Amino acid sequence: MKKNNTTDTEQESLYSNLDKMSTQELLLNINKEDMKVAAIIEKQIPNIEKLVDSIVSKMKLGGRLFYIGAGTSGRIGILDASECPPTFGVPDNWIIGIIAGGDSAIRKAVENAEDDVHQAWRDLSAYAISGLDVVIGIAASGNTPYVIGGLNKARENNIITGSISCNSESLISKEADYPIELIVGPEFLTGSTRMKAGTSQKLVLNMISTSVMIKLGRIYGNKMIDMQLSNNKLVQRGIEMIVEELQIDEKSASKLLEKHKSVRAVLLNQNKNLDI
């Protein structure tokens with residue numbers, strides 16, 4: 001039974017005897033819980049919108065976006081940050097994911113790393129963080145000392161802060177200018193916040209980074225015209241974009257892409273009237 005409003009992520013699972021379930025029962029019930037997540041996020045869209053607009057305003061001035069977190073939350077932040085350069089062709093220092101315990105914690109848990117209230121600020125300071133930047137703290141419990149300390153020091157230094165947690169009235173929410181609380185309820189496996197909580201955090205970061213990049217002009221229409229052409233699949237996708245936009249054959253599109261090295265450069269070179 002839930003004892004207070006700070007233990008949403010630690011509630012007892014709605015399901016018992018998981019070890020007695022068939023594979024189908026396990027999968028169906030996990031899926032049933034996952035289907036609740038999108039509706040919960042929808043209620044937070046007004047708060048997400050405010051955070052996105054604030055990030056965009058800072059990044060237009062040359063600022064950066066930082067994610068800080070521990071464990072699953074830190075890994076999710078790093079994943080989102082690392083996918084922005086290949087997707088949107090931006091420098092890898094535009095969106096930066098930092099995890100308690102450093103890069104080694106991406107693959108292996110680092111004991112007590114999340115308990116150091118001062119370390120996140122040290123990690124952020126290594127990037128010469130300033131008032132142009134935005135810091136989003138990610139913690140399913142909302143009470144991770146590493147994240148709390150980082151957000152607290154960021155605010156002391158007049159840096160805009162956001163938070164993503166899965167507990168109501170969490171401590172990181174109190175340190176955030178733009179708190180987002182995703183109350184997804186008890187996990188299928190009691191306390192395993194890598195499940196619904198992690199899913200909800202990933203979905204929200206998808207929304208934030210994609211919306212920010214779109215508003216910063218890193219796409220055209222609905223196309224990733226700045227994506228890095230790092231493999232054959234992406235080169236072919238770029239060729240297809242050029243074929244569709246310029247109404248030319250694939251061979252000609254391929255030659256143009258080889259010459260100009262990016263879809264955006266091809267479109268700008270071939271059609272000066274494009275608003276990109």
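Predicted model: local features only at pLDDT ≥ 70, side-chain atom pairs only at ≥ 80, totals over all residues.
Of the 34 residues that make up the largest nonpolar core, Ile55, Ile136, Ile164 and Ile208 touch the most other members. Of the 276 residues of the chain, 45% count as buried, and the C-alpha atoms fill a box of roughly 65 × 50 × 35 Å along the principal axes.

- Once its neighbours within four places in sequence are left aside, Ile136 is in contact with Leu51, Ile55, Leu65, Phe66, Tyr67, Ile68, Leu151, Gly162, Ser163, Ile164 and Ile208.
- As general background, nonpolar side chains in soluble globular proteins tend to be buried together.
- Across the chain, 67% of the contacts with a separation of 6 or more are accounted for by residues 24 or more positions apart.

**Helix α3**

- Helix α3 covers residues 45-59, and its 15 residues reach 21 Å from the first C-alpha to the last, close to the 21 Å expected at 1.5 Å a residue.
- The buried residues of α3 are Ile48, Leu51, Val52, Ser54, Ile55, Val56, Lys58 and Met59; of these, Ile55 is named among the residues that touch the most other members of the largest core, while Leu51 and Ile55 are both in contact with Ile136.

**Helices α10 and α11**

- Helix α10 (residues 250-260) packs against helix α11 (residues 263-270) at an angle of about 105°, and their axes are 8 Å apart.
- Because angles of 65 to 115 degrees count as roughly perpendicular, α10 is described as roughly perpendicular to α11.
- On the α10 side the contact is made by Leu256, Leu257 and His260, which meet Val263, Ala265, Val266, Asn269 and Gln270 in α11.
- Sorted by class, this contact of α10 with α11 has 5 nonpolar, 3 polar and no charged residues.
- Lys255 also lies in helix α10, where it counts as exposed at 55% relative accessibility.
- Lys255 and Ile239 are 16 residues apart along the chain, and their C-alpha atoms are separated by 9.1 Å.

**Loop residues and positive phi values**

- Most residues other than glycine have a negative phi.
- Asn112, a residue other than glycine, has a positive phi near 65°; its place is in the loop between β2 (95-99) and α5 (119-125), and with a relative accessible area of 53% Asn112 is exposed.
- Gln247 likewise is not a glycine and has a positive phi of about 55°; this residue is found in the loop between α9 and α10, and Gln247 is exposed, with a relative accessible area of 66%.
- Ser230 is found in the loop between α8 and α9 (232-246), and its relative accessible area of 54% makes Ser230 exposed, since the class begins over 50%.
- Although Ser230 and Pro86 are 144 residues apart in sequence, their C-alpha atoms are 7.9 Å apart in space.

Key. Residues numbered from 1 in each chain as written. Heavy atoms only, no water. Axes fitted to C-alpha atoms, helices over the stretch in contact; angles between N-to-C directions. Helix = DSSP H or I, 4+ residues; strand = E, 2+ residues; numbered from the N terminus. Parallel < 35°, antiparallel > 145°, perpendicular 65-115°, else oblique. Contact = heavy atoms within 4.5 Å. Nonpolar A, V, L, I, M, F, W, Y, C, P; charged D, E, K, R; others polar. Expected span 1.5 Å × (residues − 1). Buried < 20%, exposed > 50% of the residue type's maximum accessible area, 1.4 Å probe, protein only. Core = buried A, V, L, I, M, F, W, Y, C linked by side-chain atoms within 4.5 Å.
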